[in-house]
Each structure stands twice: as structure tokens, then as C-alpha cells.
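Reader: Can you walk me through this one? I would like to start with the surface and then go to the charged pairs.

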Amino acid sequence: MGSIIEFLLRVHLAALALVAEFVKTTFRKWSAVDRLSAIFCCVMLAISLLTWNSWLLLCWIGAAACLSIAASRGWQWSLLDDLQSLNKHGIAQMLKSSSPQVDVVGEPVDIASSTAKRQTADADRATSLLKSRIIGQDQAIETVTSGLEASAAGTRANGDRPLSFLMIGPTGVGKTETAKLTATGLRHNFYVVPMEDHKDKHGLWQLLGTPQGFYGGEGMLTREVAAHRQTVLLFDELEKAEREMTDVFLRMLDEGKVRDRKTDRDIDFSRCIIFFTSNLITDLPVGADQNALRNLVQKTGALRPELVARMGTIVPFHPFSDSDMCKITEMQLTKYFEQVCRSRHITPRVRLSRGAIECLALKQDAKYGARNVTSSIEHHVEPVLRKALLAQNGNDIRSLAIDSQDERIVVTIDG
């Protein structure tokens with residue numbers, strides 16, 4: 001009797017697992033069309049099942065069919081933008097704006113859609129973020145933002161291929177942060193692939209799916225891009241990639257497609273923005289043009305020439321100067337004190353002296369760039385601040401002064 005009950009329970013759990021997997025896969029496909037529509041559809045299903053409302057269930061079936069057809073054809077919608085357009089102009093204007101109108105002579109040309117406006121606004125926001133947060137890398141930021149603006153304006157020569165950048169330079173100078181801020185500004189999904197962790201056959205299968213006939217599932221990379229077509233991809237330390245992965249990169253950059261080996265279907269990468277990083281070259285000439293940078297990369301011999309040739313743009317990053325390190329240290333210290341004050345629910349006036357900033361900046365090791373700023377704050381600022389705050393015994397704090405004395409950080413608190 002016990003074995004029968006156990007068998008029934010296992011069958012029941014297996015059925016629930018299949019249903020959960022089906023729901024997850026379906027929701028991922030619907031989200032690729034429009035996340036808000038997918039959430040709305042799932043909520044409508046839940047309400048109809050809880051209330052046994054047949055009319056609502058019929059509406060859900062219609063919405064599910066629309067989303068499934070759109071997902072199969074690779075369409076993308078924006079329910080929020082459509083609702084705003086409907087609220088402003090009505091149904092006629094919303095449908096009219098879906099197709100551009102071009103008049104030949106003497107008439108204004110209207111080819112700007114809500115999607116184009118949103119892309120331009122996103123590119124402007126990403127540009128502002130990069131210029132405000134990436135310190136000392138003016139040439140690199142100008143190169144990346146030019147590519148983003150061209151993509152938003154639709155003026156790229158190879159608009160059917162993914163926008164790609166190869167970022168070269170020493171460690172800790174802002175390459176990874178540039179990719180992150182680009183994704184944040186564009187409101188895209190962000191996905192990092194450390195090539196160090198995927199440099200053998202099994203690592204390749206993790207990314208692209210297990211070949212048919214082998215135990216395993218879909219690839220992590222292909223599944224991510226299938227669910228989020230607008231993704232900023234970061235392939236870190238490109239020189240460590242396996243040769244077979246380089247073949248994948250060639251097709252990705254050339255055709256905008258990658259095949260998932262488990263499902264044997266092509267995944268569209270054309271709407272992704274792809275960043276590659278490499279620490280092969282640490283000393284780059286300032287102001288070098290694209291031809292000079294491409295030649296420098298090819299001379300290392302670490303990357304195949306055909307891959308370098310397909311890279312959209314080479315982005316140079318240079319070591320930080322002393323003034324750059326001071327600016328970065330100031331930014332990190334300001335962020336740190338804001339975090340501490342917020343966690344303690346206090347609003348004192350914080351005075352950060354130039355001497356304290358320079359003292360902490362000089363404690364950095366130049367070969368690691370800005371990577372050690374946070375750990376330096378942890379070692380040289382946090383203990384002094386902690387003791388000063390504990391000495392207050394919960395009394396009100398009106399001001400915090402951070403200074404340096406004999407190459408040490410000093411914190412003064414006025415209650």
C-alpha cells in the first residue's frame with residue numbers, strides 16, 4: 001500500500017513539474033514580445049480560474065493566442081506606449097503611427113515612431129550615464145556613445161548585425177562598468193559570460209546547449225537571448241575563449257544568429273549589443289585611430305584575424321592618472337557615506353576634505369586601477385568612522401568631517 005501511495009505522489013509531483021516547466025517556458029516566450037502584456041495575461045488567467053469566470057477565461061484564451069502568434073513571428077510590442085498613445089490621440093492615430101508616411105514633394109516627412117523616439121531617449125540616457133560615471137576615459141566613451149547614437153538613429157552601415165565593441169586596456173579602468181551602464185541606460189537585459197569559466201567543451205555546452213544525443217538542456221546564453229532579445233552581452237577576457245567558441249562569435253557577428261545545440265534552432269542576436277573585453281594590451285597610444293588599434297590587437301596573435309576583422313569597433317582604455325584616481329575615490333567615498341547615513345537613518349552635514357581624498361587615492365596600487373578603492377575604504381575609513389559613531393552612543397549627529405592627518409584618515413563628529 002505504501003509503495004502505491006509513493007508512486008501516486010511521484011506521478012503527481014512529476015505532473016506538477018511538467019506544468020511548471022510549461023508555464024515558465026510560455027511566460028518566457030510571451031515576455032520576449034512584451035513583459036507587461038505577459039504579466040497581464042497571467043494575472044487574468046489566475047483571476048478567471050479563482051472566480052470561474054467563463055467570459056474572462058475566453059478573453060484570456062484570445063490574449064494568449066495573440067501573444068503566442070507574436071512570439072512565433074518574433075514580434076515585439078510595447079503595451080505601455082500603445083496605451084499612452086491611445087490616451088493622447090485615440091485609436092486612429094495609434095494605428096496610423098504604426099506605419100511611417102513619406103510624401104514626395106513639398107510635404108513634411110513623418111517617419112518617427114514611438115519606438116524610434118524611445119530608442120533615441122534611451123541612447124541619450126546611456127550617454128549621460130557613461131559620461132558622468134566613467135572617469136578618465138573620454139576616447140572610449142566617445143567611441144561607445146557614437147555607436148549607440150548611430151544604432152538609435154538607424155544610420156549604421158551594418159544595421160542588420162549586432163552592435164559590437166572590443167574593449168582593450170589594463171584591468172580596473174572601467175571596461176565592465178561601461179557595459180553595465182550601457183545596459184542600465186538603454187534599459188536592456190545584462191548578461192556576463194566570463195570566458196575563463198567556459199574555455200573547454202563542457203563550458204561551451206553550458207552556453208550553447210548540449211548536442212542532441214547527450215544528457216543536458218538548452219544553453220544558458222541562447223536561452224537568455226531567446227527570452228530577452230534586447231540584451232547587452234559582455235564576453236570577459238575574450239583571449240581565453242575556446243577555438244570552437246570563436247567560430248560561434250564569427251557567425252554571431254556576421255549573421256546575428258547562434259544555434260542552440262539542444263533545440264537545433266537559430267537564436268536571433270541581431271538586437272543585442274555585444275561587448276568583448278581583453279587585457280592583452282595595457283599600454284595604448286593616446287588618440288590612436290581604428291586601423292592602428294586593430295593592427296595592435298592582431299599583432300598580439302591571441303585572436304584570430306577574421307574575428308578581429310568582424311569586430312565593430314575597438315574601444316581603447318588607458319591607465320588612470322592621479323587626478324582620475326582622486327575623482328573616482330571622491331565618488332566612491334560620497335556613495336559610501338550616503339549609504340552609511342541612510343542605513344543609520346541620520347542626515348548630518350558631511351564634509352569631505354581634499355586631503356582625505358588624496359590620502360586615500362595614494363593608497364591605491366596603480367596596476368589594479370580602481371578595483372581597490374572599495375577595499376581601501378573598508379580598511380582605512382570604516383574602522384575610524386565606526387569608532388566615532390559608536391562613541392556618540394546614539395546621540396544626534398549634526399555634522400561629519402573626514403580629513404587626513406599624518407597619512408591617516410580622521411573622522412570628527414559634532415553632536
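Author: What follows covers a surface patch, a helix, some salt bridges and a strand. This is a predicted model, in which local features need pLDDT of at least 70 and side-chain atom pairs count only at pLDDT 80 or more, while totals for chains, interfaces and linings use all residues. Residues are numbered from 1 along each chain as its sequence is written, and side-chain values use heavy atoms, with hydrogens and water left out.

Reader: Which residues form the nonpolar patch on the surface?

Author: L49, W55, L57, L58 and I61, with about 530 Å² of accessible area together. Areas come from the Shrake-Rupley method with a 1.4 Å probe, and for residues only the protein chains shown count as cover. Patches take residues with over 30% relative accessible area and no salt bridge, joining like charges within 9 Å and nonpolar side chains (Val, Leu, Ile, Met, Phe, Trp, Tyr) within 5 Å.

Reader: Which helix gives the largest share of the patch?

Author: Helix α3, residues 54–72, with four residues. Helices (H or I, at least four residues) and strands (E, at least two) are DSSP runs, numbered from the N terminus.

Reader: And where does L49 lie?

Author: In helix α2, residues 35–51. L49 counts as partly exposed because its relative accessibility is 46%; buried means under 20% relative accessible area, exposed over 50%, and partly exposed in between (1.4 Å probe, protein chains only).

Reader: Which residues of α2 are buried?

Author: S37, A38, C41, M44 and S48. They sit on the same side of α2, because they cover an arc of only 125 degrees around the axis. That arc is taken from the directions from the helix axis to the C-beta atoms.

Reader: What happens just after α2?

Author: W52 takes a positive phi of about 55 degrees there.

Reader: Switching to charges. How many salt bridges are there?

Author: The count comes to 17, where a salt bridge is a side-chain nitrogen of Lys or Arg within 4 Å of a carboxyl oxygen of Asp or Glu. One of them joins the side chains of D122 and R187, at 3.1 Å from N to O. D122 is in helix α5 (residues 114–133) and R187 in the loop between α7 (175–186) and β2 (189–194), so the pair links distant parts of the chain, 65 residues apart.

Reader: Is D122 buried or exposed?

Author: Buried, because its relative accessible area is 7%. R187, at 55% relative accessibility, counts as exposed.

Reader: Which side chains does R304 meet in salt bridges?

Author: D247, at 2.9 Å from N to O. R304 is in the loop between α11 (290–300) and α12 (305–310) and D247 in helix α10 (residues 243–255), so this pair ties together parts 57 residues apart in sequence. The side chain of E306 also meets R304, at 2.9 Å from N to O. R304 counts as buried at 16% relative accessibility, D247 as partly exposed at 39%, and E306 as partly exposed at 29%.

Reader: Last topic, strand β7. Which of its residues are buried?

Author: T313 and V315 on one side, and I314 and P316 on the other, which leaves both faces of β7 (residues 313–316) covered. β7 pairs with strand β1 (residues 163–168) in the parallel sense over four bridges; pairing requires that DSSP finds at least two bridges between the strands. F165 stands opposite T313.
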